[in-house]
Amino acid sequence: MSNPTPLDGPGLEEGKTMVADAPAAPAPGREGRRRHAKKEAKPASLWTDAWHDLRRRPMFIISVIIILILLVMAVWPSLFTSIDPFDARTCDLSAARQGPGPGHLFGRDNLGCDLYARTIYGARNSIVIGVLTTVLTAIIGGLFGIFAGYRGGAIDTLASRITEVFFAIPSVLGALLIASTLRGKYNSILLVILALSVLGWPMVYRIMRAAVITAKSQDFVVAAKALGAGSGRIMFRHLLPNSLASVIVVATINLGTYIAAEAALSFLGVGVQSPDISWGLMIADARDRFITAPLPLVFPALFLSITVLAFIMMGDAVRDALDPKLR
Amino acid sequence: MASGSEPVLEVRDLVKHFPLTQGILYKKQIGAIKAVDGVSFDLRKGETLGIVGESGCGKSTLAKVLMALEQPTSGSVRIGGRDISKARGGELKRMRRNIQMVMQDPYTSLNPRMTVGDIIGEPFEIHTDVAPKGDRRKKVQELLEVVGLNPDHINRYPHQFSGGQRQRIGIARGLALQPEVIVCDEPVSALDVSIQAQVINLLGRLQDEFGLAYIFIAHDLSVVRHISDRVGVMYLGKFVELGKDAEIYDRPAHPYTQALLSAVPVPDPEGREQRERIILQGDPPSPANPPSGCRFRTRCWKAQEICAKEEPLLQIRPGTAHMSACHFAETHDVVHAG
């Protein structure tokens with residue numbers, strides 16, 4: 001920690017008032033500083049620093065562990081349960097809505113099938129729909145938003161009017177229309193993702209555009225232009241990192257909305273259909289008998305909440321890590 | 001420092017009008033803000049031209065046009081003999097190496113999400129042939145040292161520095177491409193008085209070291225006097241007086257310059273009582289609709305009929321050794337009067 005102070009530079013001859021310009025950086029000895037001192041020789045950038053920071057955030061580690069478990073559950077559900085919920089022989093109608101007991105950890109649903117196995121197997125469809133829709137809307141909305149916000153003028157006006165058309169369509173009705181028109185041509189999961197993405201990107205677009213417009217008026221963008229930076233560099237090196245925070249927050253919150261929207265579409269007859277399983281479908285099925293048998297609704301809803309929470313926590317951690325002031 | 005060498009920057013009849021439009025679909029131009037309206041000057045190697053004037057007189061617009069961040073309405077900005085305002089694409093990018101800027105606000109002019117190394121290294125990334133990839137980091141550390149910062153702080157972020165240190169980072173970024181001209185747009189007005197002197201001294205030292213020419217824009221007359229070889233006084237988009245710093249400060253010929261100088265605070269209570277104060281009446285007129293003839297006539301105590309009819313040109317006038325734009329130019333030492 002024996003860094004020379006900035007006063008050791010040739011600036012020293014400038015006068016006695018140099019002391020007033022002493023480093024405003026945090027006092028040496030703090031953990032963050034020690035890390036910098038050790039890695040002084042290695043070039044740092046926003047992303048590598050963010051990664052170093054994330055690895056030490058408990059919130060990030062916990063959320064990533066949860067997400068990894070959920071992903072394993074989605075890919076290999078048989079690792080978690082020996083019961084195959086697609087096998088009708090595992091269901092026992094006479095034991096419908098039975099409470100938790102040996103062999104049936106969560107009890108049985110309205111048709112007497114094992115609730116635990118169904119919840120585990122439901123993860124795949126729900127997570128695929130939630131994550132892919134979130135990623136797709138973030139990419140489409142984000143790219144359009146950054147481009148329209150930076151360019152402004154006619155391009156911005158045109159893009160904004162187009163998104164207003166999408167905003168005017170009621171989302172469930174619109175998704176229903178898209179999914180039912182294209183039904184049969186594509187896999188039903190793909191259709192749900194497509195329908196939700198087409199209607200979901202304008203929200204990300206608006207947030208990105210607003211953040212970019214705020215960022216682009218700042219002097220550092222002017223400075224980059226004066227250096228001769230091209231549009232690509234300004235958009236992706238300067239504007240994107242300074243506009244990403246709000247998009248991350250909205251995108252992760254929307255993830256849960258998309259999983260729930262899938263349930264609404266299933267209920268209306270498009271999207272995932274029985275005997276296929278998804279959390280949304282399970283919640284919709286269990287809704288009618290919630291008063292007498294709450295568990296068939298509670299368990300998939302609990303898994304859904306944990307998934308959404310994990311993604312929101314991860315999003316928050318990433319957002320904080322990308323802000324050097326919060327490190 | 002100023003020598004009689006070739007000018008590095010030649011500005012001729014530079015005009016920048018911002019159109020005022022009306023209507024939503026069909027935009028009709030109903031007028032123009034005449035932010036810069038016919039400015040000409042030369043800047044030699046190693047020279048500092050100070051530009052002073054009150055808020056809204058077009059100083060910052062002039063800086064933006066010089067930097068080719070705004071297109072001039074007419075006129076030319078020649079750097080090394082070529083007009084930067086007409087350059088495009090690769091040529092413009094190459095020309096930018098010769099003119100860089102230091103911005104006013106050190107808190108917004110540095111990207112908060114880039115490390116100091118990335119900020120100062122960005123010029124090398126944009127102009128890839130200036131420094132080979134392996135050398136860039138070393139170059140950035142050299143630049144940090146040149147501006148009096150610790151080269152080990154290369155991985156820090158702007159918010160970990162004080163205002164004065166940030167301004168040094170901004171200066172290092174401007175120096176990276178080894179330009180001939182640096183436009184300083186109020187580089188110290190956002191800083192504490194104690195820090196101002198350090199940054200000014202740093203700029204002076206760098207000028208001696210690298211033979212830089214500065215355009216130094218400020219509204220603080222004493223700061224401009226300290227660093228400038230020549231001073232231009234701007235009023236409503238035009239130069240009203242242009243000359244060596246001693247000429248402008250000790251023998252101002254234009255009434256506006258005299259009024260400006262009479263407002264400079266005098267740190268001596270005795271002298272303060274004795275000196276003359278010229279208090280201008282009214283506000284500056286709108287640059288969208290400047291007065292006819294001399295733009296200063298509406299607030300000038302010397303104004304006559306001719307001032308409304310004939311626009312006074314910026315030229316050397318009888319009884320003065322430098323250029324001024326007043327029909328009744330007359331040297332008058334305001335600062336030492338009394």
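Predicted model: local features only at pLDDT ≥ 70, side-chain atom pairs only at ≥ 80, totals over all residues.
Two strands are taken to pair if DSSP finds at least two bridges between them.

**The open sheet of chain B**

Strand S1 of chain B, residues 7–22, pairs with S2(B) in the antiparallel sense, over 13 bridges. Within this pairing, Val15(B) stands opposite Asp37(B) of S2(B). Both strands belong to an open sheet of 4 strands in chain B, ordered S2-S1-S4-S5 with antiparallel pairing. Strand S2 (28–44) and strand S5 (82–83) of chain B are at the edges; each has a single partner strand, so one side of each is left without a neighbour in the sheet.

Helix H1 of chain B, residues 59–66, lies across S1, S2 and strand S4 (74–79) of chain B, and runs at about 70° to S2(B).

**Two domains in chain B**

The domain assignment divides chain B into domain 1, comprising 7–20 + 32–228, and domain 2, comprising 253–338. The C-alpha centres of domain 1 and domain 2 of chain B are 30 Å apart. To the contact, domain 1 of chain B contributes 10 residues and domain 2 of chain B contributes 7 residues. On the side of domain 1 of chain B that touches domain 2 of chain B, the elements giving two or more residues are S2 and helix H7 (221–227) of chain B. S2(B) gives the most to this side, with 4 residues. By residue class, this side of domain 1 of chain B divides into 6 nonpolar, 2 polar and 2 charged residues.

**Annotated spans**

An unreviewed UniProt entry places the annotation "domain: ABC transporter" on residues 9–261 of chain B. For chain A, an unreviewed UniProt entry lists as "transmembrane region" residues 59–79, 127–150, 162–182, 188–208, 239–261 and 297–318.

| Span | Helix | Strand | Distance between end C-alpha atoms |
|---|---|---|---|
| Residues 9–261 of chain B | 35% helix | 28% strand | 28 Å |
| Residues 127–150 of chain A | 100% helix | 0% strand | 33 Å |
| Residues 239–261 of chain A | 100% helix | 0% strand | 32 Å |

**Chain A as a whole**

Chain A contains 11 helices and 0 strands, and its pattern along the sequence reads α-α-α-α-α-α-α-α-α-α-α. Of the 327 residues of chain A, 40% count as buried. Among contacts in chain A with a separation of 6 or more, 69% are accounted for by residues 24 or more positions apart.

**Arg137 of chain B**

Arg137(B) lies in helix H4 of chain B, which spans residues 136–146. A residue counts as buried if 20 or more other C-beta atoms lie within 10 Å of its own, and as exposed if 12 or fewer do. Arg137(B) has 19 other C-beta atoms within 10 Å and is therefore partly exposed. Leaving aside residues up to four places away in sequence, Arg137(B) touches Pro43(A) and Gly117(B). Its contacts accordingly include a residue of chain A, Pro43(A), as well as a residue of chain B, Gly117(B). The C-alpha atoms of Arg137(B) and Gln71(B) are separated by 34 Å, the two residues being 66 residues apart along the chain.

Key
Residues numbered from 1 in each chain as written. Chains lettered and ligands numbered in written order. Contact = placed C-beta atoms within 7 Å. Axes fitted to C-alpha atoms, helices over the stretch in contact; angles between N-to-C directions. UniProt positions renumbered as here; feature names shortened; annotations may be inferred. Domains from an automatic or database assignment. Nonpolar A, V, L, I, M, F, W, Y, C, P; charged D, E, K, R; others polar.
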